[in-house]
Amino acid sequence: MAKNLVIYYSRTGENYWNGSIRTIPKGNTEIVAEFIQKAVGADLFQVETVKPYAADYYECISNPL
């Protein structure tokens with residue numbers, strides 16, 4: 001049987017959520033990646049950026065890397 005690997009990038013901290021900006025400890029992509037991991041029995045790998053995104057949500061979306 002083949003081994004599965006789920007690779008994801010997910011932004012935590014300030015995010016747009018349900019019509020407002022909220023600070024979240026776990027990003028949406030991470031939540032979905034964990035769901036897939038459990039469903040298929042995969043390993044999980046989180047991609048991290050070399051240069052971090054701005055912590056402020058509005059700064060992040062107005063000045064992409």
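Author: Gladly! The structure holds two aromatic pairs, a pair being rings of Phe, Tyr or Trp (its six-membered ring) with centres within 6.5 Å. This is a predicted model, in which local features need pLDDT of at least 70 and side-chain atom pairs count only at pLDDT 80 or more, while totals for chains, interfaces and linings use all residues. Residues are numbered from 1 along each chain as its sequence is written, and side-chain values use heavy atoms, with hydrogens and water left out.

Reader: What makes the pair of Y9 and Y53 tilted?

Author: Planes under 30 degrees apart count as stacked, over 60 as edge-to-face and the rest as tilted. The planes of Y9 and Y53 stand at 45 degrees, with centres 5.8 Å apart, so this pair is tilted. Y9 sits in the loop between β1 (5-8) and β2 (13-17), and Y53 in the loop between β4 (43-46) and α2 (57-62), 44 residues apart. Strands (E, at least two residues) and helices (H or I, at least four) are DSSP runs, numbered from the N terminus.

Reader: And why is the pair of Y57 and Y58 called edge-to-face?

Author: Their planes meet at 75 degrees and their centres are 5.5 Å apart, so the pair is edge-to-face.

Reader: How do you know whether Y57 and Y58 are buried or exposed?

Author: Buried means under 20% relative accessible area, exposed over 50%, and partly exposed in between (1.4 Å probe, protein chains only). Y57 has 16%, so Y57 is buried, whereas Y58 has 52% and is therefore exposed. In the other pair, Y9 at 32% is partly exposed, and so is Y53 at 34%.

Reader: What makes S10 buried?

Author: Its relative accessible area is 6%, so S10 is buried. S10 is found in the loop between β1 and β2. Leaving aside neighbours within four places in sequence, S10 is in contact (heavy atoms within 4.5 Å) with G27, N28, T29, E30 and Q46.

Reader: Which backbone atoms lie 3.5 Å from the side chain of S10?

Author: The backbone oxygen of G27 is reached at 3.5 Å, and the backbone nitrogen of T29 lies 3.5 Å from a polar atom of that side chain.

Reader: Lastly, why does N18 count as exposed?

Author: N18 has a relative accessible area of 67%, so N18 is exposed. N18 lies in the loop between β2 and β3 (20-24), and its phi is near 55 degrees, a positive value in a residue other than glycine.

Technical notes: A polar contact is a pair of N or O atoms within 3.5 Å; within protein, one must be able to donate a hydrogen and the other to accept it, and residues adjacent in sequence count only if both atoms are side-chain atoms.
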